[in-house]
Amino acid sequence: MTAQTEPVAAPEPVAAPEAAYRALIGHTYSCATCRAGASCPTAVQLGRTWRETRGPMRKARR
Ligand SMILES: [Zn+2]
């Protein structure tokens, strides 16, 4: 009895600020470098990705 079609979970959108933010937070929790408060290139990259996913609607104005 497999006639029922379950809604397939949508793949995680690449440009999801929340997903990017979670990736960043998840990394900082598990990364020894980040926990030490040191500059971590991975965290920088994740943070940059997060900012990019937040898009132009949140463009910083100077
Ligand atoms: Zn890190």
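How many aromatic pairs does the structure hold? The count is 1 aromatic pair, where rings of Phe, Tyr and Trp (its six-membered ring) pair if their centres lie within 6.5 Å. The partners are Tyr21 and Trp50, sitting 4.8 Å centre to centre with 45° between the planes, a tilted arrangement (planes under 30 degrees apart are stacked, over 60 edge-to-face, the rest tilted). This pair ties together distant parts of the chain, with Tyr21 in helix H1 (residues 17-30) and Trp50 in helix H3 (residues 41-54), 29 residues apart. Tyr21 is partly exposed, at 38% relative accessibility, and Trp50 is partly exposed too, at 22%; buried here means under 20% relative accessible area, exposed over 50%, and partly exposed in between (1.4 Å probe, protein chains only). Trp50 has another neighbour: the charged end of Arg54 sits over its ring, 4.6 Å from the centre (CZ of Arg or NZ of Lys within 6 Å of the ring centre and within 35 degrees of the ring normal).

All of this comes from a predicted model, in which local features need pLDDT of at least 70 and side-chain atom pairs pLDDT 80 or more, while totals for chains, interfaces and linings use all residues. Residues are numbered from 1 along each chain as its sequence is written, and side-chain values use heavy atoms, leaving out hydrogens and water.

As for the overall build, the protein has 3 helices and 0 strands, in the order α-α-α from the N terminus (DSSP runs: helices H or I, at least four residues; strands E, at least two). Of its 62 residues, 18% count as buried.

Then there is the zinc ion. Its protein donors are His27 (NE2), Cys31 (SG), Cys34 (SG) and Cys40 (SG), at 2.0 to 2.3 Å; donors are N, O and S atoms within 2.8 Å of the metal (3.2 Å for Na, K and Ca). Along the sequence, these residues follow the spacing H-x3-C-x2-C-x5-C. The site is tetrahedral because the 4 donor atoms subtend angles of 106 to 115° (for four donors, all angles between 85 and 135 degrees). Cys34 and Cys40 are both buried.

Salt bridges number 2, each a side-chain nitrogen of Lys or Arg within 4 Å of a carboxyl oxygen of Asp or Glu. In one, Glu18 meets Arg22 at 3.5 Å, N to O; these residues are 4 apart in helix H1, so about one helical turn separates them, and both are exposed. In the other, Arg48 meets Glu52 at 3.4 Å, N to O, again 4 residues apart, within helix H3. Arg48 is partly exposed at 46%, whereas Glu52 is exposed at 52%.

Definitions and conventions. Four donors count as tetrahedral if all angles lie between 85 and 135 degrees; four count as square planar and six as octahedral if opposite donors are over 155 degrees apart and all others between 65 and 115; anything else is irregular.
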